[in-house]
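Please examine the structure shown here together with the briefing that follows it.

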Amino acid sequence: MDRLDLTVPAGSFFALLGPSGCGKTTTLRMVAGLEEPTSGQVLLGTEEITRLRPYRRPVNTVFQNYALFPHLDVFENVAFGLRRRGVPDVAGQVRRMLSLVQLDGYDRRRPAQLSGGQQQRVALARALVNRPRVLLLDEPLGALDLTLRRRMQLELKRIQTEVGITFVHVTHDQEEAMTLADSVAVMNAGRIEQLGTPAELYEFPATAFVATFLGRSNLLAGRVTGRDGDDVLVEAYGERLSVPVVRSRSTSGAVLLGVRPEKLRLVTSMDEVPAGHQSVAGIVTDAAYLGTSTQYLVRTGWGTELTVFAAADGEARPVPVGSEVVAYWHPRYAFLLDAGTDPSGGETEPSVGSAGAVPVNGVGPR
Amino acid sequence: MDRLDLTVPAGSFFALLGPSGCGKTTTLRMVAGLEEPTSGQVLLGTEEITRLRPYRRPVNTVFQNYALFPHLDVFENVAFGLRRRGVPDVAGQVRRMLSLVQLDGYDRRRPAQLSGGQQQRVALARALVNRPRVLLLDEPLGALDLTLRRRMQLELKRIQTEVGITFVHVTHDQEEAMTLADSVAVMNAGRIEQLGTPAELYEFPATAFVATFLGRSNLLAGRVTGRDGDDVLVEAYGERLSVPVVRSRSTSGAVLLGVRPEKLRLVTSMDEVPAGHQSVAGIVTDAAYLGTSTQYLVRTGWGTELTVFAAADGEARPVPVGSEVVAYWHPRYAFLLDAGTDPSGGETEPSVGSAGAVPVNGVGPR
Amino acid sequence: MTASRSGRRRRLLPYLLAAPGALWLVVFFLLPAIQLGATSLYDPAGSLTSGYAMTWSFGNYPDAIGAYWVHFGRSFGYAGLATALALLLGYPLAYAIALRAGRWQNLLLVCVVAPMFTSFLVRTLAWKTVLSDTGTLVGLLRDLHLLAPDGRLLASPVAVVTSLTYGYLPFMVLPIYASLQRLDRRLLEAARDLNARPAQVFRTVTLPLSLPGVVAGTLLTFIPAAGDYISAELLGTPNEYMIGNVIDAAFLVRLDYPQGAALSVVLLLVILALAVGYLRRGGAEEVG
Amino acid sequence: MSVGHRFWRWVADHWVLAVAALVLGYLLLPVAVVAGLSVNRPSSRLSYDFAEFTLDNWRDPCAAPGMCGAVLRSVQIGFLATLVSTVLGTLLAFALVRHRFRGRAAANLLVLAPMATPEVVLGTSLLALLVAAGIPQGFWTVVIAHVMFCVSFVVVTVRARLSGMDSRLEEAALDLYASEWQAFRRVTLPLVLPGIVAAALLAFSLSFDDFIVTNFNSGTTVTFPMYVWGANQRGIPPQVNVVGTAMFGLALLLMLAVRVRWRIPRRRPARTAPVRDRVGGR
Amino acid sequence: GTKGARQTAASCVSEDLSGTEKRLLFSNWPQYLDVDEENEAKRPTLEAFQSRTGIQVTYTEDINDNNEFFGKVRPQLAACEPIGRDIIVLSDWMAARVIGLGWAQRLDPARMANVGRNLLPSLRNRTYDQENVLAIPWQCGLAGLAYNGRVTGEIRTVDELLTRPDLKGRVTLLSEMRDTIGLILQADGHDPTNFTDAQFDAALEKLKRAVASGQIRRFTGNDYAPELAKGDIAACMAWSGDVIQLSAEDERIRFVAPDSGAMLYSDDMLVPNRASHRAHAEALMDYYYEPAVAAQVAAYVNYICPVQGAQAEMERIDPDLATNPLIFPDAALQARSKKFMTLSEERERAYESKFQQVIGG
Ligand SMILES: Nc1ncnc2c1ncn2[C@@H]1O[C@H](COP(=O)(O)OP(=O)(O)OP(=O)(O)O)[C@@H](O)[C@H]1O
Ligand SMILES: Nc1ncnc2c1ncn2[C@@H]1O[C@H](COP(=O)(O)OP(=O)(O)OP(=O)(O)O)[C@@H](O)[C@H]1O
Ligand SMILES: NCCCCNCCCN
Ligand SMILES: [Mg+2]
Ligand SMILES: [Mg+2]
C-alpha cells in the first residue's frame with residue numbers, strides 16, 4: 001500500500017470506487033482487521049484500532065461473495081455475531097433485522113436454498129444486526145444480474161437511511177457508486193485519486209483517470225497559452241479554446257481539456273453555434289441508437305474521435321453518418337487537467353481503437 | 001418450451017434478450033444440438049438439423065463462461081475444432097484468427113494465464129475459426145466488469161462486421177443488446193414477446209414486458225373512450241389523453257398508456273406546456289444525479305410516481321425536490337398497450353417500492 | 001494479550017498441529033524403515049536363536065536378488081497387469097458414476113467402497129469359491145469350450161491377477177471418480193460443439209483432464225498390488241508366488257531376517273523409483 | 001431416421017453404462033457369494049459348497065469358536081486406530097493446508113510416504129524394529145501399526161475437504177466477533193466434519209481389513225482377518241460370511257447415512273456467472 | 001545387531017496360577033480331537049474332563065504348520081513373554097527345537113501317573129526329553145498319500161503324484177520338509193533315517209522339477225483337508241488320521257501308505273514358558289493318558305495312539321478300529337514307516353533353506 005488517507009464522514013454512505021485489482025478489497029480488509037497494514041494506522045473516530053483483532057472491532061463486513069455459513073440456517077447466520085458477544089434477546093433482534101431486509105419467514109432456510117438477492121440480504125442482515133459503527137460492503141452486488149442489482153441498490157440505500165450506520169461500499173461499477181453514495185472516493189493502483197460527492201467528481205474530475213473512469217470524457221491534448229480574465233486560454237490542435245480558471249486543475253504547460261459527451265451539441269454549420277460557445281468541426285463516423293440517447297462519433301480534422309450523446313428527448317433530429325458537423329460546448333462545462341496524469345487507469349488490456357493517446361473516451365453511465 | 005418461432009436473418013447480429021431463466025440458454029443449446037427439443041424443428045436455411053448430433057452442425061458457440069480447455073494452450077484451444085474436422089493448414093488459420101482477435105503472441109499461454117477479456121477473445125476465436133454458418137454467443141460478456149464489457153462489446157461488433165457470420169447473441173443486459181444488435185428478440189418465460197430493430201422495440205414496444213424490460217416506461221392504466229381522427233382517446237385517472245392510432249397496440253377496452261421517462265419534460269405550470277402536448281401535474285419527490293442526466297420522481301395527484309429523465313446537457317435547470325411541477329409529452333411519443341399483457345416480467349423478488357401495480361418502471365439504459 | 005505473545009503462539013501453532021502426527025510417522029514409519037535397512041546388512045550367518053551381528057553385509061543384496069529375481073519380475077508383472085486391468089475396468093465405472101449416474105451417484109459410490117469392509121481375505125476366499133475347479137464358472141467355461149475339459153482357473157496366473165485387480169479396483173475408481181467429478185461438464189459440451197465426436201471428446205478433453213486421477217489411481221493400485229501376497233497364496237501355486245510371499249516366508253517361516261529385510265528394501269526402492277519416474281512423465285499434481 | 005440408426009445411437013450413448021454395470025457386478029460378486037454362504041448350512045465342516053439354506057449362522061454367529069473374540073478385537077483395534085489416526089491426521093491436515101511453515105514440504109513427504117510403501121514393507125520394517133528393540137508384539141503393536149498407515153489416508157481425505165473450504169468463511173466468523181477458537185469450533189469444524197467422518201470411516205475400514213501389516217506385528221493376537229486366515233486352513237466356518245456380510249451392510253448404511261446427512265454440496269466449477277435470482281433447490 | 005533368543009529356567013520364570021484360575025488354554029492342530037457326531041461344537045472327552053475337574057478349557061485349532069506356528073510365537077517366547085497358551089502341540093523335531101531354546105516348562109511326573117504308566121515304550125526317554133517331563137506325545141501319525149476318488153483314479157506311489165499329467169495342478173505336498181522329502185527319499189529307495197546330502201539334493205531336485213512343471217498346486221500344512229474333500233485337489237501328501245476321518249464321510253477319499261514307505265512322526269504336548277496353568281495342563285495330559293479316554297480320541301481322530309492299553313479299550317468301542325494298522329500299527333506297517341533322521345543345526349538350516357526356496361516362500 002502506498003500512503004492511503006481516507007476520511008469517512010460518520011453516518012454517511014461512502015463509496016470506494018476503482019478498477020479491478022486497485023486495492024479496494026485490501027483497504028477494506030485492513031479496516032476490518034483481516035489484514036495488517038505494514039505501516040500506517042486505522043482510526044475509528046479518535047480510537048486507534050490498527051492492531052486490534054478483527055473480533056474486537058466494532059466493524060462488520062458484507063463479503064464480496066457473501067461468505068454465508070452454509071451449515072447454518074438464515075436465522076443462525078444472522079444470530080452468529082450476537083451469540084458470540086453473548087447479547088440478550090438474540091431472537092428478537094434477529095427477527096427485527098430479517099424483517100428490515102424483508103426476509104421474514106425465511107429463517108429456517110439454508111443459504112443454498114436462497115436466490116442470489118436473498119443471500120445478499122442475509123449477508124447484510126448478518127452484519128447489520130451487530131449495529132457496528134462502520135459497515136463495510138465489498139462489492140455486495142457484484143454477482144447479481146443487472147435487473148436485480150438495480151433493485152438491491154435501492155434497497156441498500158433505503159436500509160442505510162433507516163439505520164444511519166456508516167456504510168463503506170466498495171464497487172468497481174461507477175454507476176452504482178454514483179447512484180448510492182453521499183461521497184465517493186475513486187481509487188487507482190492503491191491511491192485515492194479523488195474524493196467528493198458524485199456531482200463534484202463527475203462535473204469537475206481531478207485527474208484524467210477520474211474523468212474517464214467515472215463517466216466518459218472527451219479529452220483534448222493542448223497547452224496553456226495564457227490567461228484572459230477568469231479564463232485560461234488553451235491551444236489544442238491549432239484551435240484556440242478557453243476554460244474558466246475555477247474549472248482548471250492546471251494553469252500552465254501541457255494540459256488536457258475535457259468535455260463530457262452529453263455537454264456536446266451537434267449542428268451542421270459554424271453559423272449555428274450560439275455565442276459564447278466553443279466548437280470543433282468534424283464528420284460523423286458512427287451513430288448508435290441507445291434508446292434514451294444516440295451516441296455519435298465525430299472525427300475531427302486532426303483525426304481523433306469525439307463522443308457526443310444526443311438525448312432522445314424528442315427534439316433533436318437524427319444526424320446521418322457521414323455528415324459534416326460542428327460540435328460545440330459552453331466553456332463552463334469544460335474542465336482542464338494536468339496532462340501528466342495518466343489517463344489509462346492502470347488497465348492492462350490492449351486498447352481497442354488505439355487511435356493514439358488522446359483523446360481518451362472512458363466509459364461510464366450515459 | 002412453448003412454441004418458439006425465431007427467424008434469424010443470415011449475416012446479421014441478432015440479440016436474444018430476456019430476464020434470467022427465461023430460456024435463452026435453452027434455446028441456444030437446441031440450436032447447437034446440445035439439447036433436443038421435445039417437439040418442433042430447428043432449421044438452418046432450408047436444412048433441418050433438429051436431430052443432428054452437435055458435431056455435425058455448422059454452428060459454434062461461445063459459452064457463458066468461455067469453457068476454454070484448461071489443459072490446452074491458446075493455440076490448441078483455437079485449433080481444436082479444425083483438428084477434429086481434419087482440415088489442412090491448421091496453424092495458418094489459427095494464427096490469422098488470433099490476430100483477428102488481437103492475441104498474436106499469446107498462443108503458448110494457458111487459459112489460466114489470461115485475463116477475463118483475453119479469455120473471452122480466445123473463446124471467440126475458437127468458435128469463429130471454424131467459420132460456422134451461425135455463431136451462438138451465450139452471455140459471453142456476463143462475467144466481465146463494466147469497463148471491460150463495454151470494450152469487448154465494440155470488439156464483438158467489429159469482428160462480426162469483419163467476418164460477416166450470423167451472430168446470435170444471448171444476453172440479459174438490455175443495453176448490450178441495443179448497442180450491438182441489428183435485430184433484437186425479447187424473450188419472456190419461454191416465449192418471444194417482440195422481435196425487431198432496437199429502435200422499433202424501444203420506440204414502440206409490443207407489450208408491457210418489453211416496454212419495461214427494454215428501458216423504462218411510465219405506464220398509465222386507462223380505458224379507451226373513443227376515436228378522434230387518427231387518435232385514440234384514452235381516459236386515465238380522470239385525465240383525458242390521446243395516442244395516435246399508429247402507435248396503439250390496442251384500440252378498445254382497458255389499456256396502458258406508455259411514455260418513456262426521457263420523453264417527459266418538467267415545467268412549473270400548466271401555462272408553459274406547449275401546444276399539442278399532453279400533461280399531468282404532480283410534486284417532485286426525489287431527484288437523483290446520474291451524471292449524464294438527473295432522474296426525477298414525480299408523484300401525481302392520484303398517487304403514482306412518474307419517472308422523468310432530464311438530460312444534463314447544460315440547459316435544464318435543476319428542479320428542487322418538493323416543487324409542484326407539470327410533466328408534459330408529445331402524444332407522438334406515447335404508445336398504447338393492451339392492459340392484459342403482464343408487466344411483471346415473471347420476476348419473483350418482492351418488489352421494493354411496491355406503490356401499486358401501475359405505473360411500472362422497468363429498469364434500463366438511460 | 002500482547003501482540004507479540006499471540007503472534008508467537010500463532011507462529012508456533014502449525015508445529016503444534018503437525019507434531020503429534022509427524023512424530024508418530026517418524027517413530028513408527030521412518031525409524032522402522034531405517035531399522036529395516038540395518039537389518040538387511042546383518043550377518044547372514046546369524047539366526048534369531050543365536051542373535052544377529054551387524055557386519056554391513058552388503059552381499060545380502062546380490063544374494064537375495066539372485067535367488068528371487070524371478071519373484072520380483074513376477075510381482076511387477078502381475079501388479080502391472082492388474083493395474084492396467086483395473087484402469088480399463090475402473091475408468092468406465094468411475095466415468096459412469098461421475099458423469100452419468102445422476103441421482104444414483106451416491107449409492108454407486110458407496111457400493112464401490114462398501115466391499116472394503118467385507119474383509120479382503122473373505123472376498124479373496126469368495127473368489128476361490130467362484131473360480132473353484134468344481135464350481136459353476138469353470139463348469140460353464142468348460143461346457144462352452146472356453147476352457148479345456150481339465151482346464152482350471154484357480155491356481156493359475158489368471159486367478160491371481162483377477163484377485164489383485166479386484167482387490168485394488170476401488171483404489172483406482174475413487175481417485176478417477178474424484179477427478180472426473182471435478183471436471184467442468186461445460187468443457188465437454190464445448191468440445192462437442194467444436195465438432196468433436198464422442199470418442200474425440202473423450203480422448204481430447206475428458207481423459208487429459210482426468211489424468212491426475214488416473215495417475216493417483218494407478219499408483220494406489222500398483223504399489224499395494226506389487227507387495228500383495230494374499231492373492232498368490234490363496235489362489236496361486238508356487239509358480240505364481242510373488243515377492244510378498246517370499247518376504248513373508250523369510251520373516252515368518254524361514255526366520256531369515258537379513259534376507260527378508262534386503263528383499264523388502266529392494267522392493268521399496270524399486271517401487272519408489274518406478275513411482276518417481278512415472279510421476280515425472282505423468283506430471284501428476286499429487287497422490288490421493 | 002431409421003430404427004437401426006437409432007439403435008446404434010442408443011448403444012453409443014449407453015455402452016459405458018453397460019460396462020460400468022458389469023464392473024460393478026465384478027466388484028460386488030464376491031460380496032454376493034459371501035452373503036450367499038452366510039445363509040448356507042455346509043454339508044460338512046470342511047465343505048465350502050452351497051448345500052442348504054439356513055439362518056442359523058445369523059442367529060448364532062459366535063458358534064464358530066474364537067471368531068467373535070477376533071471380531072471384537074478387530075473392532076477394538078479399529079476404534080482405537082481410527083480415533084488416534086483421525087485426531088493426528090486431522091491436526092496434520094490443518095497444519096498442511098492452513099499454514100506455511102518451515103518443514104512443511106518434509107511433513108508432506110512424510111505423510112505421503114507410507115501410502116507409497118507396500119504393506120509388506122511397512123509390516124516387516126516395524127517387525128524388524130520391534131525385534132531389534134526387544135518389544136513383544138501384540139494388541140498394542142497392531143494398534144500402533146494401524147495408526148501409522150491410517151494417518152496418511154486421513155490427512156489426504158481431510159485435506160481435500162479442507163482445501164475445498166472457503167477460507168473467507170473463517171474470516172467472516174472473525175469479523176462477526178468470533179475468536180479464533182470460536183471460529184474453528186463454530187465454522188471450520190462443522191464444515192470439515194464430513195471430511196473427518198469420511199476419513200474416520202476409511203481409517204476404520206483399512207484397520208478392520210488389514211491382514212498383511214497385522215500378520216507381521218500381531219504376535220499371538222488374533223484379529224478377524226488373522227482368524228479368517230487361520231480358519232481357512234481348517235475349513236471356514238460359515239459364520240465368517242455372516243461377519244463379512246454384516247460389515248458390508250453396516251458400511252453401506254453408515255456411508256449412505258453420512259452422505260445424506262452432509263449432502264456434500266456438489267462442488268460447482270468456480271462460479272463467475274451471474275447468480276440466478278431463483279430459489280435454488282437441487 | 002540383535003541378541004539371541006535362548007532362555008533358561010533362571011532367565012525366564014513362569015508362575016503357576018492354577019490355584020486361583022480354573023482355566024486352561026490348549027492349542028492344537030485341526031482334526032486332532034474327538035467331536036460329537038451330532039453336534040460339531042461339542043467335544044466329548046474334553047467336556048468330560050471339564051466336568052470332572054471344573055477346569056474351563058479353551059481349545060483352539062490354530063496350529064497348521066510347525067514352522068508357521070513357530071514363526072508366530074517366536075518373538076514372544078524369545079522375549080520371555082506369555083503366548084496366551086498353556087499347552088501347544090508340536091511335532092517331535094519342533095518340540096526338540098523349542099526345548100533346546102529353553103522355552104518349555106518342566107512338568108511334574110508325580111502329577112501325571114497315567115503318563116508314567118501308559119506312555120508307549122518307544123516314545124519314552126527320547127533324546128530331547130530324556131525324563132519325559134517336557135514333551136508328552138499327543139498322537140503319532142503317518143505322512144503318506146491321499147486322493148479323492150471322485151476326481152481321480154487310484155494313486156499308489158509318490159512318483160505318480162509328482163509326474164502324472166492328469167493330476168497336473170491338482171496336487172498338494174506338505175510344507176513340512178521332513179514329510180515331503182522323507183517320502184521322496186523313500187520313493188527313491190533311500191532311508192530317511194540315514195541319508196546323505198547328495199540324496200537329499202536329488203530328492204529336492206525331483207521336487208523342484210515337479211513344481212516347475214506346474215504339477216504342484218501348493219505346499220500345505222493341515223489345510224489340504226478342505227480342498228481334498230472338495231475335489232479341487234485330486235491327490236496330495238497327507239497325514240493318516242485326517243484322511244481316514246474324511247473317508248468316513250466320503251469313502252472315495254483314501255489314504256495310501258506308499259509301498260516305498262511312509263513317514264512316522266509324533267506330535268507332542270508342551271507347556272510353553274510363562275504359561276500360567278501348568279498344573280491344569282498336567283492334569284489334562286494325565287487325563288488323556290487314561291486308556292479309555294485315549295481310545296475314545298483314537299476312535300475319532302484315527303491317528304496312532306501313544307497310550308498303552310488303549311487298544312484293549314478300543315475293542316469295546318469299535319473292534320474294527322482296534323485292528324486297523326493305521327491306528328495300532330502292525331509289524332508290516334511298522335516296517336514301512338520311517339522316522340526322519342535327527343539333524344544337526346547346520347544341516348537343518350541348510351536343508352530347510354533349500355527346501356523353502358523350492359516351495360516358494
Ligand atoms: N497499494 C498497494 N500496494 C501494494 N499492493 C497492493 C496495493 N493495492 C492492492 N495491492 C495488491 O493488489 C492485489 C489486488 O488487490 P485487491 O484484492 O484489494 O483488489 P480489488 O480492488 O478489491 O479488486 P477487485 O475489484 O477485483 O476485487 C492484492 O494482491 C493486493 O495485495
Ligand atoms: N419455454 C420453456 N419451457 C419449459 N422450460 C423452460 C422454458 N424455457 C426455459 N425453461 C427452463 O428454465 C430453466 C432456465 O432456462 P435457461 O437456462 O435457458 O435460462 P436463461 O435464460 O439462459 O437464464 P440465464 O440468463 O440465467 O442464463 C431451464 O431449466 C429450462 O429447462
Ligand atoms: N490333523 C492333525 C495333523 C497333525 C500333523 N502334525 C504334523 C506332523 C508333521 N510331521
Ligand atoms: Mg475486491
Ligand atoms: Mg443462460
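**Helix α1 of chain B**

The model is predicted: local features need pLDDT of at least 70, side-chain atom pairs count only at pLDDT 80 or more, and totals for chains, interfaces and linings use all residues. Residues are numbered from 1 along each chain as its sequence is written, chains are lettered from A in the order in which they are written, and side-chain values use heavy atoms, without hydrogens and water.

- Helices (H or I, at least four residues) and strands (E, at least two) are DSSP runs, numbered from the N terminus.
- Just after α1(B), B:G33 has a positive phi of about 90 degrees.

**Chains C and D**

- In contact (heavy atoms within 4.5 Å) are 87 residues of chain C and 85 residues of chain D.
- Between chain C and chain D, about 7700 Å² is buried, and carbon and sulfur atoms give 78% of this area. Buried area is the accessible area (1.4 Å probe) that two parts lose on being put together, summed over both.
- Helix α1 (residues 3-39) of chain C supplies the largest share of the side that touches chain D, 22 residues.

**Annotated spans of chain C**

- The unreviewed UniProt entry annotates residues 12-34, 76-95, 107-126, 154-180, 201-223 and 261-279 of chain C as "transmembrane region"; such annotations may be inferred rather than shown by experiment.
- Residues 201-223 of chain C are 100% helix, with end C-alpha atoms 31 Å apart.
- Residues 261-279 of chain C are 100% helix, with end C-alpha atoms 27 Å apart.
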